[in-house]
Amino acid sequence: MNDFFNVISDINSVINDFIWVKIGIVLLIGAGVIMTCTTKFFQITHIGHWFKETIGAVFKKDSETRKKTDKKSISQFQALCTALSATIGTGNIAGVAGAIVIGGPGAVFWMWVAAFFGMMTNFSENILGIFYRRKNSKGEWSGGAMYYLRDGLGSYKGCGVIGKILAGLFAVCAILASFGIGNMGQVNKITLNIKSAFFEGVQAPEFLGVSIINWIIGVSLVILAGLIIVGGLQRIASFAEKIVPFMSVAYIIGAIIIFFLNISQVGAMFAAIFKFAFGIKAVAGGFAGVAIKTVITQGCKRGVFSNEAGLGSSVMVHSSSNVKEPVRQGMWGIFEVFFDTFVVCTMTAIIVLSSGFIDLDTGIVAEGIDDATLVARCFGLHFGKFGEGFVAVAMLLFAFTTVLGWSQYGSKAIEYLLGEKFVKPYQIVFTLLVVSGALMSSSLAWDISDTFNGFMMIPNLIGVLALIPVVYKLTDNYVRRKLKGEDIEPMISYDPKIQEEHAKMIKEGAE
């Protein structure tokens with residue numbers, strides 16, 4: 001089995017390097033910059049408005065944000081929680097730790113840069129997702145990059161075939177990514193942290209060359225995932241709405257406690273982040289330093305692994321929202337990236353950099369440090385065995401909800417490619433393969449996830465960039481109506497029937 005995984009690792013390494021180092025980072029950051037300019041820096045110029053209309057609206061009495069208007073859709077808040085359940089995962093814990101271990105403290109800066117511009121990439125994806133969505137035979141909303149590639153890009157003269165090809169390619173990549181970022185990578189980190197926290201030093205028998213503990217964890221997760229996934233989006237959204245806020249607050253509280261316990265190092269931490277963002281990590285022991293290219297690559301890769309801006313993945317869940325205004329759901333996309341990276345990932349960075357395992361003067365990592373369990377060890381320094389157990393449980397909740405969210409992404413991709421009747425078989429296969437993440441090595445699971453991310457990103461960003469005129473018109477229409485008070489017709493959908501129906505409801509105050 002080990003020889004098989006070694007071959008897979010070698011092949012994946014070549015592909016991964018081409019996608020991310022050669023073209024991916026430029027395309028990802030470039031698209032974010034372009035969409036930020038297209039929307040006139042919406043994430044800054046209207047920061048008060050999108051905060052008020054997203055998380056601020058959750059606490060308003062009688063707000064439409066948390067209400068479900070029908071049984072076939074989910075609320076705006078449920079859509080956010082389900083999307084966050086798929087984005088707040090191991091990328092926020094092990095991913096940030098891995099970026100710092102490999103790329104040094106400076107990787108955190110580039111994670112922030114990717115997130116800043118990624119806010120508007122995610123905004124653009126989601127408004128396109130709402131604008132080009134439609135209802136399936138069950139009356140459920142279906143949307144995503146495959147639809148705005150086919151019906152948006154495909155509507156341009158001479159681009160019909162290209163749009164369909166890219167849409168199909170994205171759907172295939174989404175299915176593959178669901179097994180990587182949404183399955184193997186998450187389950188692998190769950191397994192490593194549970195073993196580190198609760199089974200350290202235990203010599204368990206092996207089966208097919210893998211510890212029986214790994215098998216038990218993998219099979220248990222298969223059973224738990226199956227019970228929720230087969231219930232479809234409604235069950236996943238209901239679970240996410242309860243778990244995501246709880247686990248996020250608990251993790252942030254733990255991080256804040258560590259922050260104040262190490263308050264004297266705050267200046268040095270942030271100085272190291274900015275210092276190593278633009279330079280070369282110091283060398284030691286004769287080994288070559290980490291070039292700035294690696295720092296940037298690690299920061300951007302882990303940032304996108306965490307918040308998924310540019311992948312087009314969360315669009316498939318945001319499109320199931322009961323919202324009618326595309327820009328309203330787009331603003332939830334901005335908040336999603338903000339909370340995921342600027343809040344949760346920054347908390348993890350603070351935990352790691354204040355631990356003493358990273359030399360803030362040289363950027364060198366202490367010998368024997370494993371990025372997969374680094375955060376657990378940091379918590380252990382301050383809270384003992386309880387701290388390590390807390391991180392293991394947090395990782396379990398973070399990563400498990402990610403698995404659930406990604407099962408929905410894969411389901412929508414399957415629905416687009418093969419039809420609704422193939423969704424259940426996909427969900428069964430997806431659930432059974434959960435066990436594979438518990439069996440393979442950490443580096444391989446992570447590297448495969450990175451590769452699948454890149455495969456999704458490319459066709460999606462081609463579609464987003466091709467539809468810049470649509471993004472501009474939708475954003476401008478919303479700003480003129482909602483912020484400037486102009487009496488103009490709202491832009492809701494490419495479909496005349498949906499446009500007429502929802503525009504009427506908005507005018508009657510149903511939004």
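This is a predicted model: local features need pLDDT of at least 70, side-chain atom pairs count only at pLDDT 80 or more; totals for chains, interfaces and linings use all residues.
Figure 1. Helix α17 covers residues 385–418. Of its 34 residues, 26 are buried, so α17 is largely enclosed by the rest of the structure. Just after the helix, G419 adopts a positive phi of about 105 degrees.

**Figure 2. Packing of helix α8 against helix α17.** Helix α8, formed by residues 145–152, packs with α17 at an angle of about 35 degrees, and the two axes are 10 Å apart. On the α8 side, the contact involves M146, Y147 and R150; on the α17 side, K412, A413, E415 and Y416 take part. Sorted by class, this contact of α8 with α17 comprises four nonpolar and three charged residues, with no polar ones.

**Figure 3. Helix α10 and its buried residues.** Helix α10 has 18 residues, numbered 212–229. From the first C-alpha to the last, α10 reaches 25 Å, close to the 26 Å expected at 1.5 Å a residue. Its buried residues are I213, N214, W215, I217, G218, L221, V222, A225, G226, I228 and I229.

Figure 4. T38 belongs to helix α1, which runs over residues 2–38. With a relative accessibility of 14%, T38 counts as buried, because it falls under the 20% cut-off. Apart from neighbours within four places in sequence, T38 is in contact with I468 and Y472.

Figure 5. A114 is placed in helix α7, residues 106–131. The residue is buried, its relative accessible area being 10%. When residues up to four places away in sequence are not counted, A114 touches I29 and C300. The C-alpha atoms of A114 and G32 are separated by 7.8 Å, although these residues are 82 residues apart along the chain.

**Figure 6. S354 in the loop between α15 and α16.** The loop that holds S354 lies between α15 (326–353) and α16 (374–383). S354 is buried, with 3% relative accessible area. Not counting residues up to four places away in sequence, S354 touches I258, N262, Q265 and M269. For M269, 85 residues from S354 along the chain, the C-alpha separation from S354 is 7.0 Å.

**Figure 7. Cysteines C173 and C345.** C173 counts as buried at 4% relative accessibility. C345 is also buried, and its relative accessible area is 2%. A disulfide is a covalent bond between the sulfur atoms of two cysteines. Zero disulfides are found in a search of the whole structure.

**Figure 8. Overall context of the close-up views.** The protein chain contains 22 helices and four strands. Of its 511 residues, 61% count as buried. Among contacts in the chain with a separation of 6 or more, 81% are accounted for by residues 24 or more positions apart. The protein chain exposes about 19600 Å², of which carbon and sulfur atoms supply 66%.

Technical notes. Residues are numbered from 1 along each chain as its sequence is written. Side-chain values use heavy atoms; hydrogens and water are left out. Axes are lines fitted to C-alpha atoms, for helices over the stretch in contact, and angles run from 0 to 180 degrees between N-to-C directions. Helices (H or I, at least four residues) and strands (E, at least two) are DSSP runs, numbered from the N terminus. Contact means heavy atoms within 4.5 Å. Ala, Val, Leu, Ile, Met, Phe, Trp, Tyr, Cys and Pro count as nonpolar, Asp, Glu, Lys and Arg as charged, and the others, Gly among them, as polar. A disulfide is a pair of cysteine sulfur atoms within 2.5 Å. Buried means under 20% relative accessible area, exposed over 50%, partly exposed in between (1.4 Å probe, protein chains only). Accessible areas come from the Shrake-Rupley method with a 1.4 Å probe; for residues, only the protein chains shown count as cover. The expected span of a helix is 1.5 Å times one less than its number of residues.
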